[in-house]
Amino acid sequence: MMKLSLITILLTLIILVKCSSSKFEKQKLKVSLYYETLCPFCMTFINDQLYPGYQKLGDYLDLELIPYGNARRKKTDNGWTIECQHGPKECVYNKIEACGMARNVDQNAVISFVHCIEKGIKTDDSNYKRITKKCGPLLNVNTADIIKCAEGQEGDELMVANGVKTDAVQPSIDGVPTVLYNNYYNDTLEEYNDNFLTIACKLLDDEPAACMHLDNEIW
Ligand SMILES: *[C@@H]1O[C@H](CO)[C@@H](O)[C@H](O)[C@H]1NC(C)=O
(Lines give C-alpha, C1' and ligand atoms only; values in the text may rest on other atoms or scores of the structure.)
Protein backbone atom coordinates (compact mmCIF):
# COMPACT_ATOMS: atom_id res chain seq x y z
CA MET A 1 0.00 0.00 0.00
CA MET A 2 2.76 2.35 1.07
CA LYS A 3 4.74 1.47 -2.03
CA LEU A 4 1.84 1.98 -4.37
CA SER A 5 1.02 5.45 -3.11
CA LEU A 6 4.64 6.47 -3.34
CA ILE A 7 4.64 5.45 -6.97
CA THR A 8 1.40 7.34 -7.53
CA ILE A 9 2.90 10.46 -6.00
CA LEU A 10 6.01 10.15 -8.13
CA LEU A 11 4.01 9.64 -11.30
CA THR A 12 1.82 12.62 -10.48
CA LEU A 13 4.92 14.73 -9.90
CA ILE A 14 6.42 13.67 -13.22
CA ILE A 15 3.23 14.51 -15.04
CA LEU A 16 2.98 17.89 -13.30
CA VAL A 17 6.57 18.79 -14.12
CA LYS A 18 6.10 17.76 -17.73
CA CYS A 19 2.94 19.78 -18.13
CA SER A 20 4.32 22.89 -16.51
CA SER A 21 7.55 22.80 -18.49
CA SER A 22 5.68 22.62 -21.76
CA LYS A 23 3.36 25.37 -20.63
CA PHE A 24 6.33 27.64 -20.06
CA GLU A 25 8.21 26.61 -23.14
CA LYS A 26 9.97 29.56 -24.69
CA GLN A 27 8.60 31.12 -27.80
CA LYS A 28 11.15 30.82 -30.56
CA LEU A 29 11.96 33.07 -33.44
CA LYS A 30 13.03 31.30 -36.58
CA VAL A 31 15.84 33.12 -38.33
CA SER A 32 16.76 31.90 -41.81
CA LEU A 33 19.87 33.41 -43.30
CA TYR A 34 20.41 33.12 -47.04
CA TYR A 35 24.01 34.08 -47.72
CA GLU A 36 27.26 33.32 -49.43
CA THR A 37 30.53 32.95 -47.59
CA LEU A 38 32.64 35.66 -49.24
CA CYS A 39 30.13 38.47 -49.61
CA PRO A 40 31.27 41.32 -47.39
CA PHE A 41 27.79 42.22 -46.11
CA CYS A 42 27.15 38.59 -45.25
CA MET A 43 30.37 38.40 -43.26
CA THR A 44 29.51 41.58 -41.43
CA PHE A 45 26.01 40.37 -40.68
CA ILE A 46 27.26 37.05 -39.31
CA ASN A 47 30.22 38.41 -37.38
CA ASP A 48 28.79 41.65 -36.03
CA GLN A 49 25.06 40.94 -35.79
CA LEU A 50 23.95 37.33 -35.83
CA TYR A 51 26.77 35.83 -33.77
CA PRO A 52 26.77 38.42 -30.96
CA GLY A 53 22.96 38.50 -31.02
CA TYR A 54 22.89 34.74 -30.73
CA GLN A 55 25.12 34.88 -27.66
CA LYS A 56 22.37 36.86 -25.96
CA LEU A 57 19.21 35.31 -27.37
CA GLY A 58 20.33 31.86 -28.46
CA ASP A 59 17.68 29.97 -26.46
CA TYR A 60 14.98 31.95 -28.22
CA LEU A 61 16.30 31.50 -31.72
CA ASP A 62 15.82 28.72 -34.19
CA LEU A 63 18.63 29.28 -36.67
CA GLU A 64 18.75 28.14 -40.22
CA LEU A 65 21.81 29.01 -42.31
CA ILE A 66 21.71 28.48 -46.06
CA PRO A 67 25.01 29.17 -47.80
CA TYR A 68 24.44 29.46 -51.54
CA GLY A 69 23.25 32.98 -52.34
CA ASN A 70 23.79 34.01 -55.94
CA ALA A 71 25.51 30.80 -56.97
CA ARG A 72 24.43 28.98 -60.13
CA ARG A 73 24.25 25.28 -60.76
CA LYS A 74 24.16 23.16 -63.85
CA LYS A 75 23.65 19.44 -64.15
CA THR A 76 26.41 17.66 -66.04
CA ASP A 77 26.73 14.08 -67.20
CA ASN A 78 28.48 13.02 -64.03
CA GLY A 79 27.32 15.48 -61.40
CA TRP A 80 26.99 19.23 -61.07
CA THR A 81 28.89 22.35 -62.01
CA ILE A 82 28.46 25.08 -59.46
CA GLU A 83 29.59 28.64 -59.96
CA CYS A 84 29.72 31.13 -57.15
CA GLN A 85 29.49 34.89 -57.27
CA HIS A 86 32.92 35.38 -55.71
CA GLY A 87 34.56 32.57 -57.62
CA PRO A 88 35.65 28.99 -56.88
CA LYS A 89 37.04 29.93 -53.49
CA GLU A 90 33.60 30.97 -52.35
CA CYS A 91 32.16 27.66 -53.53
CA VAL A 92 34.67 25.81 -51.36
CA TYR A 93 33.82 27.85 -48.28
CA ASN A 94 30.07 27.53 -48.95
CA LYS A 95 30.52 23.79 -49.05
CA ILE A 96 32.71 23.70 -45.95
CA GLU A 97 30.02 25.47 -43.97
CA ALA A 98 27.25 23.30 -45.44
CA CYS A 99 29.25 20.13 -44.78
CA GLY A 100 29.85 21.21 -41.20
CA MET A 101 26.12 21.73 -40.72
CA ALA A 102 25.45 18.32 -42.23
CA ARG A 103 27.72 16.75 -39.61
CA ASN A 104 26.42 18.50 -36.52
CA VAL A 105 23.00 20.11 -36.35
CA ASP A 106 23.42 21.62 -32.88
CA GLN A 107 22.87 25.30 -33.52
CA ASN A 108 25.29 26.48 -30.83
CA ALA A 109 28.01 24.49 -32.54
CA VAL A 110 26.93 25.58 -36.02
CA ILE A 111 26.88 29.30 -35.34
CA SER A 112 30.26 29.11 -33.58
CA PHE A 113 31.72 27.18 -36.50
CA VAL A 114 30.31 29.48 -39.17
CA HIS A 115 31.40 32.57 -37.25
CA CYS A 116 34.89 31.12 -36.87
CA ILE A 117 35.14 30.35 -40.59
CA GLU A 118 33.88 33.80 -41.56
CA LYS A 119 36.32 35.45 -39.17
CA GLY A 120 39.11 33.35 -40.64
CA ILE A 121 38.09 34.28 -44.19
CA LYS A 122 38.05 37.95 -43.32
CA THR A 123 41.60 37.76 -42.00
CA ASP A 124 43.07 35.60 -44.78
CA ASP A 125 40.98 33.45 -47.08
CA SER A 126 43.89 31.85 -48.93
CA ASN A 127 43.95 28.50 -47.14
CA TYR A 128 40.61 26.81 -46.51
CA LYS A 129 42.21 23.73 -44.96
CA ARG A 130 43.96 25.78 -42.33
CA ILE A 131 40.77 27.66 -41.47
CA THR A 132 38.70 24.46 -41.37
CA LYS A 133 41.26 22.79 -39.09
CA LYS A 134 41.07 25.73 -36.76
CA CYS A 135 37.26 25.91 -36.69
CA GLY A 136 36.32 22.24 -37.06
CA PRO A 137 36.77 21.39 -33.36
CA LEU A 138 33.89 23.75 -32.56
CA LEU A 139 31.64 21.21 -34.27
CA ASN A 140 33.13 18.23 -32.51
CA VAL A 141 33.54 16.38 -35.77
CA ASN A 142 36.49 15.12 -37.72
CA THR A 143 37.87 18.08 -39.67
CA ALA A 144 39.31 15.88 -42.44
CA ASP A 145 35.81 14.58 -43.00
CA ILE A 146 34.45 18.10 -43.50
CA ILE A 147 37.17 18.85 -46.04
CA LYS A 148 36.54 15.58 -47.85
CA CYS A 149 32.82 16.39 -48.02
CA ALA A 150 33.53 19.89 -49.32
CA GLU A 151 35.88 18.64 -52.01
CA GLY A 152 33.62 15.83 -53.15
CA GLN A 153 30.22 15.05 -54.51
CA GLU A 154 28.52 15.41 -51.15
CA GLY A 155 29.48 19.08 -51.05
CA ASP A 156 27.96 19.60 -54.49
CA GLU A 157 24.77 17.85 -53.46
CA LEU A 158 24.46 20.02 -50.37
CA MET A 159 24.88 23.08 -52.59
CA VAL A 160 22.19 21.85 -54.95
CA ALA A 161 19.81 21.36 -52.03
CA ASN A 162 20.62 24.86 -50.76
CA GLY A 163 20.11 26.20 -54.28
CA VAL A 164 16.67 24.65 -54.53
CA LYS A 165 15.80 26.11 -51.14
CA THR A 166 17.12 29.53 -52.09
CA ASP A 167 15.19 29.55 -55.37
CA ALA A 168 11.99 28.72 -53.53
CA VAL A 169 12.00 31.85 -51.37
CA GLN A 170 9.11 34.20 -52.14
CA PRO A 171 9.48 36.96 -53.11
CA SER A 172 12.61 35.76 -54.83
CA ILE A 173 15.89 36.79 -53.26
CA ASP A 174 17.54 39.70 -55.01
CA GLY A 175 20.64 40.05 -52.89
CA VAL A 176 22.48 38.58 -49.96
CA PRO A 177 22.32 38.49 -47.06
CA THR A 178 18.58 37.92 -47.00
CA VAL A 179 17.03 37.15 -43.65
CA LEU A 180 13.62 35.57 -43.17
CA TYR A 181 11.97 35.81 -39.78
CA ASN A 182 9.54 32.99 -39.07
CA ASN A 183 9.77 31.99 -42.74
CA TYR A 184 8.60 35.39 -43.79
CA TYR A 185 10.35 38.13 -45.73
CA ASN A 186 9.70 41.67 -44.63
CA ASP A 187 11.27 44.65 -46.41
CA THR A 188 11.12 46.88 -43.40
CA LEU A 189 13.01 44.41 -41.23
CA GLU A 190 15.61 43.91 -43.94
CA GLU A 191 16.51 47.57 -43.66
CA TYR A 192 17.44 47.00 -40.06
CA ASN A 193 19.81 44.10 -40.55
CA ASP A 194 22.49 46.14 -38.85
CA ASN A 195 20.37 45.92 -35.75
CA PHE A 196 19.64 42.24 -35.43
CA LEU A 197 19.21 42.20 -31.65
CA THR A 198 16.59 44.91 -31.83
CA ILE A 199 14.64 43.17 -34.57
CA ALA A 200 14.74 39.85 -32.77
CA CYS A 201 13.65 41.41 -29.49
CA LYS A 202 10.79 43.18 -31.21
CA LEU A 203 9.61 39.95 -32.81
CA LEU A 204 9.96 38.13 -29.49
CA ASP A 205 7.85 40.78 -27.74
CA ASP A 206 10.86 41.70 -25.62
CA GLU A 207 10.44 38.54 -23.60
CA PRO A 208 14.13 37.62 -23.11
CA ALA A 209 15.98 39.34 -20.29
CA ALA A 210 18.62 40.41 -22.81
CA CYS A 211 15.98 42.57 -24.48
CA MET A 212 15.39 44.79 -21.50
CA HIS A 213 16.70 48.32 -21.65
CA LEU A 214 17.15 48.04 -25.37
CA ASP A 215 16.24 51.04 -27.45
CA ASN A 216 13.52 49.48 -29.55
CA GLU A 217 12.18 52.54 -31.24
CA ILE A 218 13.75 52.00 -34.61
CA TRP A 219 10.54 51.92 -36.60
C1 LIG B 1 7.16 44.40 -41.46
O2 LIG B 1 7.64 44.63 -40.16
C3 LIG B 1 7.23 45.87 -39.59
C4 LIG B 1 7.90 46.00 -38.25
O5 LIG B 1 7.54 44.95 -37.39
C6 LIG B 1 5.73 45.90 -39.49
O7 LIG B 1 5.32 47.15 -38.97
C8 LIG B 1 5.11 45.66 -40.85
O9 LIG B 1 3.72 45.57 -40.73
C10 LIG B 1 5.67 44.41 -41.49
N11 LIG B 1 5.21 44.32 -42.86
C12 LIG B 1 4.57 43.28 -43.33
C13 LIG B 1 4.19 43.35 -44.77
O14 LIG B 1 4.33 42.30 -42.65
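When I say helix I mean a DSSP run of H or I with at least four residues, a strand is a run of E with at least two, and both are numbered from the N terminus. Residue numbers start from 1 along each chain, as its sequence is written. Please keep in mind that this is a predicted model, where local features need pLDDT of at least 70 and side-chain atom pairs count only at pLDDT 80 or more, while totals for chains, interfaces and linings use all residues.

Back to Asp205. The positive phi turns up there although Asp205 is not a glycine, and the residue sits in the segment after α9. Is Asp205 buried or exposed? It counts as exposed, with 10 C-beta neighbours inside 10 Å. The cut-offs are these: 20 or more other C-beta atoms within 10 Å is buried, 12 or fewer is exposed, in between is partly exposed, and the C-beta atoms are placed from the backbone.

Asn182 is another non-glycine with a positive phi, about 50 degrees this time. You'll find Asn182 in the loop between β5 and α8, and it is exposed, with 12 other C-beta atoms within 10 Å.

Now the whole chain. It has 9 helices and 5 strands. From the N terminus the order goes α-β-α-β-β-β-α-α-α-α-α-β-α-α. Of the 219 residues, 34% are buried. Take the contacts with a separation of 6 or more: 72% of them link residues 24 or more positions apart. A contact here means C-beta atoms, placed from the backbone, within 7 Å.

Let's go into α9 itself, residues 196–203. Buried residues make up 6 of its 8, so the helix is largely enclosed by the rest of the structure. Which ones are buried in α9? They are Phe196, Leu197, Ile199, Ala200, Cys201 and Lys202. The cover over them includes β1 (29–35), α2 (40–57), β2 (61–67) and α8 (187–190).

Ala200 comes up again in the largest nonpolar core, which has 52 residues; Leu33, Ile96, Ile117 and Ala200 touch the most other members. A nonpolar core, for us, is a set of buried Ala, Val, Leu, Ile, Met, Phe, Trp, Tyr and Cys residues joined through C-beta atoms within 7 Å. What does Ile117 touch, leaving out residues up to four places away in sequence? The answer is Tyr93, Ile96, Glu97, Ile131 and Cys135.

Some of those names come back in the packing of α3 (88–103) against α4 (107–123), where the axes come within 10 Å and cross at roughly 160 degrees. Axes are lines fitted to C-alpha atoms, for helices over the stretch in contact, and the angle runs from 0 to 180 degrees between N-to-C directions. That makes α3 and α4 roughly antiparallel to each other. The labels go by angle: under 35 degrees is roughly parallel, over 145 roughly antiparallel, 65 to 115 roughly perpendicular, and the rest oblique. On the α3 side the contact uses Tyr93, Ile96, Glu97, Gly100 and Met101, and on the α4 side Val110, Phe113, Val114, Ile117 and Ile121.

Compare that with α5 (128–135) and α6 (143–151), whose axes come within 9 Å and cross at roughly 140 degrees. This pair is therefore oblique. Lys129, Thr132 and Lys133 from α5 meet Thr143, Ile146 and Ile147 from α6. Zooming in on Lys133 in α5, it is partly exposed, with 14 other C-beta atoms within 10 Å. Lys133 and Ile147 are 14 residues apart in sequence, and their C-alpha atoms are 9.0 Å apart in space.

Last stop, the prolines. Which peptide bond is cis with omega near -10 degrees? It's the one from Gln170 to Pro171, and Pro171 lies in the loop between α7 (153–167) and β5 (178–181). Val176 and Pro177 are also joined by a cis bond, with omega about 0 degrees. Pro177 is likewise found in the loop between α7 and β5. That's it from me.

Conventions. Two residues are in contact if their C-beta atoms, placed from the backbone, lie within 7 Å.
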